[in-house]
Every structure is written in structure tokens, then in C-alpha cells.
Amino acid sequence: MIHNAQLIKQGAEAKVYLAPFCQRQAIIKERFAKAYRHPTLDKKLTSRRVIQEARCLNRCQKAFIDTPTVYLVDVDSSLIYMEFIEGCSVRDYLTTDDGHLPEAQAKVAKEIGTALGKMHNIDVVHGDLTTSNLMMRKESGSLVLIDFGLSYVSNLIEDKAVDLYVLERAFTSTHPNTEVMFAQILEAYGQNSKASKLILKKLEDVRMRGRKRSMLG
Amino acid sequence: MESFPIDTLPQAGYIHMACFISVKNAADLKERLQIQDKSLTFAMVQSSLIMDVFQLLVAATRSAQDNDAGKLKTQTLSSEIVYNLSPTNNIAESLRRFSIDETTKSLVAIKIGGEADQVLEEMSNTIDGNLVSFSKLDQEKDMIKLRKYYKIDPKVTDDTAILNWIIGAIAMKNIQ
Ligand SMILES: Nc1ncnc2c1ncn2[C@@H]1O[C@H](COP(=O)(O)OP(=O)(O)OP(=O)(O)O)[C@@H](O)[C@H]1O
């Protein structure tokens with residue numbers, strides 16, 4: 001089915017390959033069913049997720065948010081063929097010498113906040129914001145959002161606030177001493193998101209709930 | 001002519017394409033398409049609507065896959081390639097826009113499968129025009145129509161972004 005493909009990630013719900021496609025290198029994401037569900041229902045849910053992921057990617061592209069271009073969607077085989085982003089993840093970048101510089105972090109933070117603001121403006125909620133799912137193009141340095149496998153369309157303030165909270169948790173757990181950087185992300189987000197006041201206020205509530213939950217263990 | 005493997009379906013053979021300019025028999029070709037002349041075994045599309053070879057390859061690859069799955073939306077694999085270049089599901093409109101018409105002067109002929117030599121001979125014997133390299137495609141683009149058909153935002157201006165927009169639009173056509 002996928003020829004000359006190189007498996008680059010085997011996840012719980014998807015396999016990600018790098019493979020030749022129409023004279024280019026492309027990322028092929030294959031979603032598979034979780035074994036414990038009902039087979040027919042499973043097929044339906046998997047198809048729906050594939051479609052949702054492709055649609056959210058395309059919706060972002062059309063709103064000038066840098067995301068991998070979708071090349072082809074094979075719903076029957078649960079495959080999405082998409083642009084291969086050459087570059088490194090923000091996660092890896094933050095561990096490099098350059099990535100430790102405050103100026104470099106400020107620049108990336110601004111791009112992240114801007115991209116997320118624009119994404120929420122079109123009611124796309126990413127659902128899995130981590131520093132691995134933020135990439136930087138090798139050529140231009142442009143910030144790219146990837147992995148829309150859990151994304152959905154929602155206009156709820158709460159959903160957007162949780163989206164930011166998930167990223168905040170990812171920052172604090174993976175990257176020590178990046179509080180300043182995360183604050184810069186929120187600042188850029190505030191300047192670019194239409195409902196940022198409400199969302200950022202909600203983020204504080206979400207944080208509170210998170211703290212309470214972790215205090216209860 | 002150039003031939004490209006179908007990465008997702010190697011057993012379907014190659015995608016062969018050739019670019020022709022100064023075509024003189026478009027009216028005749030169009031007529032043969034209309035009466036569904038079976039001896040015409042390749043697709044012909046307007047060069048002016050091709051931004052990049054990649055666009056053709058994606059449409060052809062998808063057509064080969066749908067053919068393999070027995071899921072063609074149109075009559076033939078050839079018409080399917082033309083249909084798949086279009087971002088909409090309206091078959092008549094897609095074919096009208098992307099296929100050749102009586103006045104076409106520049107076209108790209110595409111065929112999936114077959115021997116390269118034979119395909120080229122067949123195309124050259126059928127199309128009365130000059131075979132040119134794909135680098136000539138650049139001069140044929142009709143940006144006004146491309147923008148209209150693919151609903152490209154006026155703010156998108158650089159070629160890579162335009163191509164990405166087009167590919168994205170084609171990719172979404174079955175899951176709009
Ligand atoms: N378009 C892309 N360009 C470059 N690398 C990519 C691209 N998409 C994915 N990757 C790489 O593959 C890894 C896994 O991809 P992704 O995060 O989409 O899959 P996943 O986490 O298994 O999916 P999901 O969260 O939907 O279950 C990414 O962290 C990244 O390194």
C-alpha cells in the first residue's frame with residue numbers, strides 16, 4: 001500500500017511515514033482502528049477522524065496559518081498524504097545553543113502566539129499542542145503547526161483556553177525556565193486573537209482547576 | 001514527453017504526459033471527446049490551468065487509485081484525471097473547464113499505463129501541434145481563471161503558496 005516508505009513514528013492511533021509521492025517526499029499518516037471497539041463503528045470513527053484532520057489542516061491553510069499542505073486523502077484506507085516539513089520541532093530547537101538565547105526564544109514565542117491566535121480566530125482547536133507539534137521550517141524559519149489528529153472546530157472560549165493550557169503544561173513539563181517564553185506566547189496570542197481577553201481569563205480558571213486537581217492527587 | 005511512476009500504486013504503470021503548443025486540430029479532438037471515441041486513449045487538459053506538474057501528478061495518482069478501487073466518478077480513467085484537477089464535484093463543469101475546447105492551442109496530454117514509446121507515438125499522431133518541454137508550461141498560465149476556479153484568495157501571491165492552495169483544494173474535493 002505504501003511503497004518505499006520509511007516509518008518515522010508509530011503511535012497509538014496512527015503511523016507516520018516519510019515516502020516518495022509524485023516526485024516529492026511526503027508525510028503519510030495512517031490512522032488505524034483501536035482494537036477494542038466495534039469493527040464497523042471503528043471504521044466510521046476512524047474515517048471521521050481522518051476527514052476532520054484533513055479539513056482542519058485545510059481550513060488553517062486557507063487562513064494563512066502555516067500548516068502542511070494536504071496532498072491527498074484516502075478515506076477508505078485512512079491515509080492522509082501531506083507536505084513533508086523539513087526542519088526541526090520547537091522541542092528540539094529549545095535544546096540547542098541558539099534555542100537557549102532569550103532573543104531567539106522571544107522570536108519563536110511571538111510566532112507561536114500569532115499562529116495560535118489566528119487558528120483560534122477560525123475556530124480550529126488543535127487538541128494536542130505540544131512543542132513537538134510545533135515545527136520550524138529549515139529554509140525560512142517559519143513556524144508550522146502539525147499533527148491535527150485531535151483537532152476540531154469549536155467556537156467555545158473554554159475549548160480554546162484548554163488548548164492553551166495543554167501547551168502551557170507541555171512547556172512546564174518539558175522545558176524548564178521557559179515561563180518568560182510562555183508569557184511572550186500569550187502576549188502575541190493576545191494581540192492576534194479576537195476573543196483573547198475572554199480566553200486568557202478563562203485560561204486562569206482552567207489553571208486553577210488544574211491546580212486543584214493535582215493537589216487532590 | 002515525461003513519464004512518472006505512481007508511488008502509491010506502482011502496478012498501475014506510469015503517468016505519461018506531454019505538452020503540446022500551436023495545436024491546430026482542437027475542434028476535431030473536442031468532437032472526438034464528445035462522441036466518446038474509444039480510440040482516444042489519453043486525457044487532454046488546458047495548459048493554461050496547470051500551475052505545476054505536481055498538480056497533474058496528484059490528480060492522476062488519485063484517478064489511478066480510484067480506478068483501482070472501482071470508484072471512478074466519470075466514464076473513463078482519462079476523464080477522471082480531468083475531473084480530479086477540478087476542486088468541485090460538479091462533473092460537467094469540471095470537464096468543461098479543464099478539458100480542451102474548440103479553440104485550445106496549448107494542451108497537456110496525459111495517460112496512465114502503457115509503453116512510453118507507444119504512448120508518445122499515439123499522442124503525436126493524434127495531436128496536430130508542437131511537442132514542447134514542460135518548462136514551457138510556465139508561459140501558458142491563465143492566472144485569472146486559475147484564481148477563479150480554485151477560489152484563490154487575492155492575498156495569496158507567490159507561486160508556491162498558489163500551488164499549495166490548488167493542491168489543498170483538489171485534496172478536499174471528496175471530503176468537503
Ligand atoms: N508534515 C510533517 N512534516 C514533517 N514531519 C512530520 C509531519 N507530520 C508529522 N511529522 C513528524 O511525525 C511525528 C508524528 O506525527 P504526528 O504528531 O502527526 O502523529 P501522532 O502524534 O502519532 O498522531 P496523533 O497525535 O494524531 O495520534 C511528528 O512529531 C513529526 O516529527
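Mentor: Happy to! The shell around the ligand is made up of 9 nonpolar, 2 polar and 6 charged residues. Keep in mind that this is a predicted model.

Trainee: Which residues come nearest to the ligand?
Mentor: There are 17 residues around the ligand, and the nearest are A:K9, A:K29, A:E83, A:I85 and A:D147.

Trainee: OK, and how far is the side chain of A:K29 from an oxygen atom of the ligand?
Mentor: An N or O atom of the A:K29 side chain sits 2.8 Å from a ligand oxygen. A:D147 also has a polar side-chain atom by a ligand oxygen, at 2.7 Å.

Trainee: What about A:I85, is it the backbone or the side chain that faces a nitrogen atom of the ligand?
Mentor: The backbone: a polar backbone atom of A:I85 is 2.8 Å from a nitrogen atom of the ligand.

Trainee: How much of the ligand's accessible area does the protein cover?
Mentor: On its own the ligand has 610 Å² of accessible area, and the protein covers 84% of that.

Trainee: Which elements give two or more residues to the shell?
Mentor: Three strands of chain A do: strand 1 (6–10), strand 3 (24–31) and strand 5 (79–83). Strand 3 of chain A gives the most, with 3 residues.

Trainee: And why does the ligand lie between domain 1 and domain 2 of chain A?
Mentor: Because both domain 1 (6–83) and domain 2 (87–216) of chain A give residues to the shell around the ligand.

Trainee: Nice. Switching to sheets: what is the strand order in the open sheet of 5 strands?
Mentor: In chain A the order is 1-2-3-5-4, and the pairing is antiparallel. Strand 1 and strand 4 (70–74) of chain A are the edge strands, each pairing on one side only. On average, neighbouring strands of this sheet are turned by 20° against each other, direction ignored.

Trainee: How many bridges join strand 1 to strand 2 of chain A?
Mentor: Strand 1 and strand 2 (residues 14–21) of chain A run antiparallel and are joined by 4 bridges. A:Q6 stands opposite A:L18 of strand 2 in chain A. A hairpin connects these two strands of chain A through 3 residues.

Trainee: And over at strand 4 of chain A, how many bridges does the pairing with strand 5 have?
Mentor: Strand 4 and strand 5 of chain A pair over 4 bridges, in the antiparallel sense. If you want a place to look, A:L72 has A:Y81 in strand 5 of chain A as its bridge partner.

Trainee: What about the sheet of 3 strands, what order does that one have?
Mentor: That one is an open sheet in chain A with the order 6-8-9 and antiparallel pairing. Strand 6 (87–89) and strand 9 (143–145) of chain A each have a single partner strand, so one side of each is left without a neighbour in the sheet. Its neighbouring strands are turned by 30° against each other on average, direction ignored.

Trainee: Last one: which residue is the bridge partner of A:S89?
Mentor: A:M135, in strand 8 of chain A. Strand 6 and strand 8 (residues 134–137) of chain A pair over 3 bridges in the antiparallel sense.

Key:
Residues numbered from 1 in each chain as written. Chains lettered and ligands numbered in written order. Predicted model: local features only at pLDDT ≥ 70, side-chain atom pairs only at ≥ 80, totals over all residues. Heavy atoms only, no water. Near = heavy atom within 4 Å. Polar contact = N/O pair within 3.5 Å; in protein donor to acceptor, adjacent residues only side chain to side chain. Areas by Shrake-Rupley, 256 points an atom, 1.4 Å probe, with all protein chains shown as cover. Nonpolar A, V, L, I, M, F, W, Y, C, P; charged D, E, K, R; others polar. Domains from an automatic or database assignment. Pairing = 2+ DSSP bridges. Axes fitted to C-alpha atoms, helices over the stretch in contact; angles between N-to-C directions.
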